[in-house]
Amino acid sequence: MRKLVYWVHQSVDGFIEGPNGEFDWPAMGPELSAYSFELCDRADAFLYGRKVWGVMSWYWPRAEQISQDPHDLRFAPVWRRTPKIVISRTLESAEYGARVIGRDLAAEVAELKAQPGKDLLLTGGSGAAAALTDLGLIDEYQVVVHPVVLGGGTPVFPGKDRLDLRLVETRGFDGRSVLLRYERSR
């Protein structure tokens, strides 16, 4: 059975966006970039919530015209060739061949997980992750903590009751950020 992995960047104080929606603070150094490609190699589909999809589908198709960052230049073709799934109750369709799910999220994600293949990688955002967490469908949480305090914004787990996790790995990157890799407690 495929695993659903949630990959998210957060501030030290637990936010994924600043008070004004800013996401200019994560630093993708060479070690963190290399790890992100390892994680992508484990997956054969990228999942996004509607809001994150809007950003990703705007940026990655034109990344080479916008950025000269080595990570961006290497990831853009990976993003384009990897199947994408958007979790939304409001979108009917999505560009770039993405499939939209969300009418019966539990059944649709359970079906995806039951199919043969590599992991499913849910990137960023909090709404889709919260919904999937509530349904018990996320198998692994990979939280990268960056050395910044935002003082407010969008929390990683909005309005979440207790969630027991088991730490399976920690790892530092570029002398700046730290990966906290958790699995659900059974």
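**Entry 1: strand partners.** I began with Val-144 and found that its bridge partner in β10 is Leu-179. This is a predicted model, so I keep that in mind throughout. Strand β7 (residues 140–146) and strand β10 (residues 177–184) run antiparallel, and six bridges join them. On β9 (residues 165–173), I counted eight bridges to β10, again antiparallel. There, Gly-172 stands opposite Val-178. The two strands β9 and β10 make a hairpin with three residues between them, and Asp-174 in the turn has a positive phi of about 60°.

Entry 2: Which residue forms a salt bridge with Arg-181? I found Glu-169, with the closest N and O atoms 2.8 Å apart. Arg-181 lies in β10 and Glu-169 in β9, so the pair ties together parts that are 12 residues apart in sequence. Is Arg-181 buried or exposed? It counts as buried, because its relative accessibility is 16% and the cut-off is under 20%. Glu-169 is partly exposed at 22%. Both belong to a network of salt bridges with shared partners, which also includes Lys-3 and Glu-183.

**Entry 3: another pair.** I also looked up Lys-51, which forms a salt bridge with Glu-17 at 3.1 Å between the closest N and O atoms. Lys-51 sits in helix α2 and Glu-17 in strand β2, 34 residues apart. Lys-51 is exposed, whereas Glu-17 is buried.

**Entry 4: helix α4.** Last, I checked the start of α4: Asp-69 caps its N-terminal end, with a side-chain oxygen 2.9 Å from the backbone nitrogen of His-71. His-71 is one of the buried residues of α4, along with Phe-75 and Trp-79 among others.

Terms used: Residues numbered from 1 in each chain as written. Predicted model: local features only at pLDDT ≥ 70, side-chain atom pairs only at ≥ 80, totals over all residues. Heavy atoms only, no water. Pairing = 2+ DSSP bridges. Helix = DSSP H or I, 4+ residues; strand = E, 2+ residues; numbered from the N terminus. Buried < 20%, exposed > 50% of the residue type's maximum accessible area, 1.4 Å probe, protein only. Polar contact = N/O pair within 3.5 Å; in protein donor to acceptor, adjacent residues only side chain to side chain. Salt bridge = Lys/Arg side-chain N within 4 Å of Asp/Glu carboxyl O.
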